[in-house]
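Have the viewer open as you read.

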Amino acid sequence: MVDPITILAGIKTGLAAGKTVAGLSKQIGQFFDATDQAKKTLQKKGISSKSANATALDRWAKVRQAAEAESELQEWVTQTYGRSKWLELLRIRKEVLAEKREAEAEARRDAIQRQELAVTLAGIFFLLTASAIGAIAYLHHMKWIDFWDYFE
């Protein structure tokens, strides 16, 4: 994952070179992804060879770095285009995140439905097979059919 500060520096360089915000939309999206990832890292729990204090300090530093970078971007957008454009950017970001969460939830629901369908079909196949074997065994027991005649 790329560092949010590095991405922010690239955005600033692009803007200084005369690129438009729309032209840098990919980098701005990467910046928000990197800051979100840094925030998620703070919430992650896991086993590490580092001490608990070192891990906590590392996570805190990454989150602070991402927050500072986001603050710089907010300041730049606000100074260049006004506060309304920053709020518009945040609103669009929120909408995109909601769409992404909905798509992930839909994918999970679809996976659960496929899994339930597979279990249902396997159960039906098992019951039909068991029923056929049971019927043949019953007919053989009643001497209505001779099961072994079919294997000669």
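## Contacts and overall spread

Among contacts in the protein chain between residues at least 6 apart in sequence, 52% join residues at least 24 apart; a contact here means heavy atoms within 4.5 Å. Bear in mind that this is a predicted model, where local features need pLDDT of at least 70, side-chain atom pairs count only at pLDDT 80 or more, and totals for chains, interfaces and linings use all residues. Residues are numbered from 1 along each chain as its sequence is written, and side-chain values use heavy atoms, with hydrogens and water left out.

As for secondary structure, the protein chain has four helices and zero strands, with helices (H or I, at least four residues) and strands (E, at least two) taken as DSSP runs and numbered from the N terminus. The radius of gyration is 30 Å, well over the 15 Å from the globule rule for 152 residues, so the chain is more spread out than a compact globule. That radius is taken over C-alpha atoms, and the rule is 2.2 Å times the number of residues to the power 0.38. Along the principal axes, the C-alpha atoms fill a box of roughly 95 × 40 × 25 Å.

## Surface and burial

Of the 152 residues, 16% count as buried. Buried means under 20% relative accessible area, exposed over 50%, and partly exposed in between (1.4 Å probe, protein chains only). The accessible surface comes to about 11700 Å², and 61% of that belongs to carbon and sulfur atoms; areas come from the Shrake-Rupley method with a 1.4 Å probe, and for residues only the protein chains shown count as cover.

## Helix α1

Pro4, Ile7, Leu8, Ile11, Gly14 and Leu15 are the buried residues of α1. Down the axis they fall within an arc of 120 degrees, so they line one face of the helix; the arc is that of the directions from the helix axis to the C-beta atoms. On the face turned away from this buried side sit the exposed Thr13 and Ala16. Just after α1, Gly18 takes a positive phi of about 100 degrees.

## Helix α3

Gly82 follows the helix with a positive phi, near 105 degrees.
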